[in-house]
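Here is a report on a model with two chains under discussion.

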Amino acid sequence: MAFKDFIFRKSLWLFHFGGASCNNCDIEILDCLTPRYDVERFGMLLVGSIRHADVLLVNGSINHKDKERLLELYRQAPKPILVVAIGACGCTGGIFAGGYPFAGPVDQIIPVDAYIPGCPPKPEAILSGIVQLIEKKKTEKAHA
Amino acid sequence: MLKDLFYFLVYPGLLFAGVAGGFLSWFDRKITAMVQFRKGPPLLQPYYDFLKLLLVKETILPANGSRGMFLLAPVLAVFGATVACVLILLPMLGFHTGFSGDLIVIFYLLAIPSLMYILGAVSSGNPLAAVGASREIKLILSYELTFLLVVAGVILKSGMSIRMTDLLMTQETGGAVIGSVSGILLFIPAVFCIQAKLGLIPFDMAEAETEINHGCFIEYSGICYALIKLSKYILLLTLPAFLAALFMNGLHWDGIHILWSVLKILGVVLLLTLIRNTNPRLKIHQAMKFFFLYMNLLVIIAYILIALGI
C-alpha cells in the first residue's frame with residue numbers, strides 16, 4: 001500500500017478544467033509548465049484526456065452548465081483522482097458568488113483535496129499548493 | 001522451450017526491452033527538457049508512470065464500445081513489439097537459435113503495434129479516437145512503402161540476402177552501410193520512417209494532444225494504458241536497434257563494443273528527439289506528400305547510386 005502511494009505521488013498527471021473563468025488562472029496554470037517553473041521535474045504532465053488524469057485542476061466560477069460538465073468529468077475520471085480548486089472563484093466563488101448563474105463553489109459539487117486561493121494565484125503559489133498536496137498524501141498515509 | 005520463454009520474457013525480451021526502453025524514454029524527455037532550458041523529470045520517471053498506471057489507477061471500459069477488442073488491443077501491441085524486439089536482438093547479440101533474422105518477418109511484426117492501436121481506437125466508440133485511427137491508417141499507408149523500400153535498398157547493397165545474419169556479416173567485412181553516399185541517402189528516409197512509427201512530432205497527428213486529445217488513446221486508462229506505454233517503450237528500443245543493424249554494423253555485447261553499441265542507440269534516439277523538438281506537427285496530407293514524394297525520391301536516387309556502385 002505504501003508503495004502504491006509512493007508511486008502515485010511521484011507521477012501525478014494533470015487535467016485542466018476551466019469553468020466560467022476570466023482566463024487569468026488558466027494562463028497561470030500554463031505558466032507552471034514553462035521552463036521557469038517546470039512542474040515536469042516533479043513528474044507532472046498536462047494530459048488532454050480525463051482518462052489519463054490523476055489530478056483535476058478546476059478554476060473559474062462554476063455556473064449551472066459547467067456544473068453538469070464538471071460532474072460528468074468527475075464521474076468519467078479513473079479513481080483515485082485528486083481535485084484542486086484554483087483561484088478565488090474556484091475556492092469560494094469570488095465576486096461571482098452572489099450571482100444568479102452561480103452553481104456553488106467547487107467543493108459543494110465534488111470533493112476537493114486542495115485549495116489554492118488568489119486572483120490569480122502566482123505560479124509559485126500553485127507549485128506550493130501542489131507540494132502541500134503531495135505532503136498531505138504523505139501524512140494521511142502516516143496516520144492510516 | 002524454457003529457453004525460448006526466457007528469450008521472450010526476460011532477455012532480450014519483455015523485461016530487458018521494457019527497462020531499456022524506459023531508460024530511453026527518460027533520455028528523450030530529459031533531452032527535450034534540456035533543449036527547452038528546463039530541468040526535466042527524474043531518471044525513474046518512466047517506471048513510476050508505468051507502475052502507477054498498472055497498479056494504482058482504475059481501468060474504465062467504454063460503455064458504447066466493443067470491450068473484448070478494446071482490452072485485447074494493448075496486449076497484442078505489447079506482444080507484437082516484444083516479438084519484433086526479440087527477433088531483431090537475438091541474431092544481433094549472437095544467440096544461436098534456429099532463426100537467423102528474416103527481414104520480411106521483422107518488417108511485418110513491426111507493423112503490429114500500430115495496427116493494434118488502430119483496432120483499439122476504433123473499438124472504443126469515441127469519435128475523437130476514430131479521427132485518430134483514420135489518421136494513423138493514412139500515416140501507415142504513407143510510411144510503410146518508404147520503409148519497405150529502405151529495407152530493400154539495404155538488402156540490395158549487401159548481396160541480395162534477406163537474412164539479418166548475412167547482412168551483419170557483409171557489413172563486418174565490407175564496412176557499415178551508412179559509410180557510403182547511397183547508405184546516407186537511405187538512412188535519412190529510415191529515420192523519418194521510425195519517427196512516424198513511434199508517433200513523435202512532426203508525425204504525431206494520430207495522437208495530437210491539443211486538437212484531438214490523445215486521439216487513438218483517449219479512452220484508455222489504467223492497466224490498458226500502462227500496456228500501451230510499455231509497447232511504446234519497447235518500440236523506442238527496437239526501432240533504433242533495427243536501424244543500427246541495417247546501417248551501423250549492428251550491436252556487439254563484448255568489451256569496448258558495449259560502449260559503441262549503447263552510443264549507437266543513444267545517437268539514433270538523440271536524433272529523433274532533436275527532430276521532435278525542432279518541428280511543428282504536420283497535417284496528414286503534408287505527411288503523405290512528404291513520404292510519397294520526397295522520401296521515395298531519395299530512396300530512388302539511392303537505388304541509382306547503388307546500381308552505379310557508389
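Phe37(B) is exposed, because 10 other C-beta atoms lie within 10 Å. The burial scale counts other C-beta atoms within 10 Å of a residue's own, with C-beta atoms placed from the backbone: 20 or more is buried, 12 or fewer is exposed, and in between is partly exposed. Phe37(B) sits in the loop between helix H2 (14–35) and H3 of chain B. Its phi is near 60°, a positive value in a residue other than glycine.

The model is predicted: local features need pLDDT of at least 70, side-chain atom pairs count only at pLDDT 80 or more, and totals for chains, interfaces and linings use all residues. Residues are numbered from 1 along each chain as its sequence is written, while chains are lettered from A and ligands numbered from 1 in the order in which they are written. Helices (H or I, at least four residues) and strands (E, at least two) are DSSP runs, numbered from the N terminus.

Most residues other than glycine have a negative phi, and most peptide bonds are trans. Asn213(B) has a positive phi near 50°. Its place is the loop between H9 and H10 of chain B. Asn213(B) is buried, because 20 other C-beta atoms lie within 10 Å.

Two peptide bonds are cis. One runs from Lys79(A) to Pro80(A), with omega near 0°. Pro80(A) belongs to the loop between helix H3 (64–76) and S4 of chain A. The other joins Ile201(B) and Pro202(B), where omega is about 5°. Pro202(B) lies in the loop between helix H8 (181–197) and helix H9 (209–212) of chain B.

| Site | Feature | Value |
|---|---|---|
| Phe37(B) | positive phi | near 60° |
| Asn213(B) | positive phi | near 50° |
| Lys79(A) to Pro80(A) | cis, omega | near 0° |
| Ile201(B) to Pro202(B) | cis, omega | about 5° |

**Chain A**

Chain A has 5 helices and 5 strands. Along the sequence they follow α-β-α-β-β-α-β-α-β-α. The 5 strands form an open sheet with parallel pairing, in the order S2-S1-S3-S4-S5. Two strands pair if DSSP finds at least two bridges between them. The edges are strand S2 (45–46) and strand S5 (114–116) of chain A, and each pairs on one side only.

Inside the sheet order, strand S3 (residues 55–59) and strand S4 (residues 82–86) of chain A run parallel, joined by 5 bridges. Leu57(A) has Val84(A) in S4(A) as its bridge partner. Helix H2 (residues 24–31) of chain A lies across strand S1 (13–18), S3 and S4 of chain A, at about 145° to S3(A). Axes here are lines fitted to C-alpha atoms, for helices over the stretch in contact, and angles run from 0 to 180 degrees between N-to-C directions.

How does the overall size of chain A compare with a compact globule? For 144 residues the rule gives a radius of gyration near 15 Å, and chain A has 15 Å, so the two agree. The radius is taken over C-alpha atoms, and the rule is 2.2 Å times the number of residues to the power 0.38. Along the principal axes, the C-alpha atoms fill a box of roughly 45 × 35 × 30 Å. Buried residues make up 39% of the 144 residues.

Contact means that two C-beta atoms, placed from the backbone, lie within 7 Å. Of the contacts in chain A with a separation of 6 or more, 82% link residues 24 or more positions apart.

**The interface**

In total, 27 residues of chain B are in contact with 17 residues of chain A. On the chain B side, helix H3 (45–56) and helix H10 (222–247) are the elements that give two or more residues. H3(B) gives the most, with 7 residues. By class, this side has 12 nonpolar, 7 polar and 8 charged residues. Nonpolar covers Ala, Val, Leu, Ile, Met, Phe, Trp, Tyr, Cys and Pro; charged covers Asp, Glu, Lys and Arg; the others, Gly among them, are polar.

H10(B) is mostly covered, with 25 of its 26 residues buried. At 1.5 Å a residue, the 26 residues of H10(B) should span 38 Å, and its end C-alpha atoms are 38 Å apart, so the two agree. The expected span is 1.5 Å times one less than the number of residues.

Ala33(B) lies in helix H2 of chain B. Leaving aside neighbours within four places in sequence, Ala33(B) is in contact with Glu40(A), Arg38(B), Lys39(B) and Gly40(B). Ala33(B) is partly exposed, because 18 other C-beta atoms lie within 10 Å.
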